[in-house]
Amino acid sequence: MEHLDVSILNTAPDIRDCLGMSDAVGDVNTVQQSAPTFNFKDHVDGIVSQVDEIEEKLNGVTQFYSSLTKKQPNNGKGGSAGKEKEREKQFVSFKRQQQEAAKRESSSAKRMQELMRQFSTILRQLAQHKWAWPFMQPVDVKGLELHDYYEVIDKPMDFSTIRNNMELKDGTGYKNVREICADVRLVFKNAMTYNEEKSDVHVMAKTLLAKFEEKWLQLLPKVVEEETKRKEEEAEAHRDMQLVQEAANAKLARDISNELYEVDMHLDELREMVVQKCRKMSAEEKKKLGTGLSQLSPEDLDKALDIIAQKNPNFEATAAEVDIDMDAQTESTLWRLKILVKEGLEVKAKSSATKAANDNSKRKREICDALAKTARKRSKKTSSNVDPLSLRYNL
């Protein structure tokens with residue numbers, strides 16, 4: 001197993017190092033008076049709070065685009081940049097979208113009022129027919145002693161009830177002309193259902209229903225046209241709203257990116273402040289640090305070279321061979337390297353220990369299997385009257 005020099009772990013930096021509170025500095029009171037006052041906890045708490053807010057915003061953006069992806073699968077046309085430009089071209093402000101939606105609603109309401117007016121004309125023409133009088137008011141069930149009426153008729157209907165519903169302004173009335181048409185038909189179908197086919201009321205209802213269907217067919221093309229327009233307007237309103245939401249979430253995503261950049265800058269500043277307060281590293285510590293760097297994994301070694309390059313623009317971190325002069329490094333670089341080495345060697349030591357334990361366990365299993373196999377072979381060679389072979393092995 002590879003030997004790791006873990007002595008570097010025993011000299012890992014702690015808060016006393018970073019505040020200059022080592023034994024060589026002096027008593028605590030002297031250090032506290034000389035060290036600049038800086039509340040790291042408040043700064044860290046502020047950053048954590050900011051990150052929590054960013055995470056909440058990011059979750060909202062993620063949920064929006066996840067739902068959008070499910071509704072509109074990617075058809076492979078255009079890249080993300082093209083889609084972003086397309087969204088920018090199609091974007092309308094929320095206020096403008098509201099205004100256009102209000103205009104569409106107003107236009108639709110006017111067209112619906114016109115259809116209602118034309119339907120009222122049909123209803124008035126039916127009401128003026130000489131045979132319309134039985135259907136003008138609700139059936140007088142009690143006066144006519146129609147004891148089984150509600151058993152036969154589920155939903156009574158008449159012209160006066162239809163007119164009252166047409167005049168309602170509280171939103172509980174008819175939503176469209178087709179609902180009125182259905183109730184007019186119900187008036188006549190109820191009469192035809194309850195009364196016998198040869199009765200006067202049945203004949204009157206059948207006649208008026210036929211006249212109504214003729215007039216309804218004349219109005220139906222306009223109704224279909226209005227329904228088509230309404231569906232198109234609703235689809236357009238939905239698209240506009242979706243574009244507004246996409247633009248808003250795109251802006252939010254950009255804001256999140258900027259906020260994350262600010263957090264990253266704050267962390268860099270805070271880390272630099274902490275490192276600057278660290279005491280100077282001794283020659284022995286630098287030597288151990290150099291040894292620790294040589295034992296890092298390739299990934300951690302790349303990170304270490306990047307740390308050195310940040311303070312030394314002329315340092316070639318990607319070169320095939322590099323020569324690190326520990327005495328030429330700044331104190332902040334040395335302490336950052338020490339922290340990296342400590343963490344890297346801890347992970348490597350744990351990994352090596354786990355691998356050694358697994359190898360040892362595997363070796364024990366192999367020995368046990370071999371002994372068991374040998375015992376089985378010997379037992380086959382013994383006669384039936386011989387006591388079983390007892391084996392004892394110390395692993």
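Helices (H or I, at least four residues) and strands (E, at least two) are DSSP runs, numbered from the N terminus. By that rule, the protein chain has 12 helices and zero strands. Glu-55, for one, lies in helix H3 (residues 40–71).

This is a predicted model, in which local features need pLDDT of at least 70 and side-chain atom pairs count only at pLDDT 80 or more, while totals for chains, interfaces and linings use all residues. Residues are numbered from 1 along each chain as its sequence is written, and side-chain values use heavy atoms, with hydrogens and water left out.

**The chain as a whole**

- From the N terminus on, the elements run α-α-α-α-α-α-α-α-α-α-α-α.
- The chain has 395 residues, and buried ones make up 28% of them. Buried means under 20% relative accessible area, exposed means over 50%, and partly exposed lies in between (1.4 Å probe, protein chains only).
- The protein chain exposes about 27,300 Å². Carbon and sulfur atoms supply 52% of that area. Accessible areas come from the Shrake-Rupley method with a 1.4 Å probe; for residues, only the protein chains shown count as cover.
- Contact means heavy atoms within 4.5 Å. Among contacts between residues at least 6 apart in sequence, 76% join residues at least 24 apart.

**Salt bridges**

- The structure holds 13 salt bridges. A salt bridge is a side-chain nitrogen of Lys or Arg within 4 Å of a carboxyl oxygen of Asp or Glu.
- One of them joins Asp-255 to Lys-251, with the closest N and O atoms 3.2 Å apart. Both residues lie in helix H9 (residues 200–276). They are four residues apart, about one turn of the helix.
- Asp-255 is partly exposed, at 28% relative accessible area. Lys-251 is also partly exposed, at 48%.
- Glu-285 and Lys-338 meet through their side chains in another salt bridge (3.1 Å, N to O). This pair links distant parts of the chain, 53 residues apart. Glu-285 is in helix H10 (residues 283–294), and Lys-338 is in helix H12 (residues 331–381).
- Glu-285 counts as buried because its relative accessibility is 9%. Lys-338 counts as buried too, at 1%.
- Asp-327 forms a salt bridge with Lys-286, the closest N and O atoms being 3.4 Å apart. Here again the pair links distant parts of the chain, 41 residues apart. Asp-327 sits in the loop between helix H11 (298–311) and H12, whereas Lys-286 is in helix H10.
- A network of salt bridges links Arg-111, Glu-226, Arg-230 and Glu-233.

**A negative surface patch**

- Asp-52, Glu-53, Glu-55 and Glu-56 gather in a patch of negative charge on the surface.
- Patches are made of residues with over 30% relative accessible area and no salt bridge; like charges are joined within 9 Å, and nonpolar side chains (Val, Leu, Ile, Met, Phe, Trp, Tyr) within 5 Å.
- Lys and Arg count as positive and Asp and Glu as negative; His and the chain ends are not counted. The place of a charge is taken as NZ of Lys, CZ of Arg, CG of Asp or CD of Glu.
- Glu-55 is partly exposed, with a relative accessible area of 46%.

- Asp-183 is found in helix H8 (residues 177–194). Asp-183 is buried, with a relative accessible area of 7%.
- Leaving aside neighbours within four places in sequence, Asp-183 is in contact with Lys-155, Met-157, Ile-162 and Tyr-174.
- Leu-296 lies in the loop between H10 and H11. Leu-296 is buried at 8% relative accessible area.
- With neighbours within four places in sequence left aside, Leu-296 is in contact with Leu-301, Ala-304, Val-341, Gly-344, Leu-345 and Lys-348.
- Leu-296 and Glu-343 are 47 residues apart in sequence, and 9.9 Å apart in space from C-alpha to C-alpha.

**A positive phi**

- Glu-145 lies in the loop between helix H5 (94–127) and helix H6 (149–152). Glu-145 counts as exposed, at 57% relative accessibility.
- Phi of Glu-145 is near 55°, a positive value in a residue other than glycine.
- Most residues other than glycine have a negative phi.
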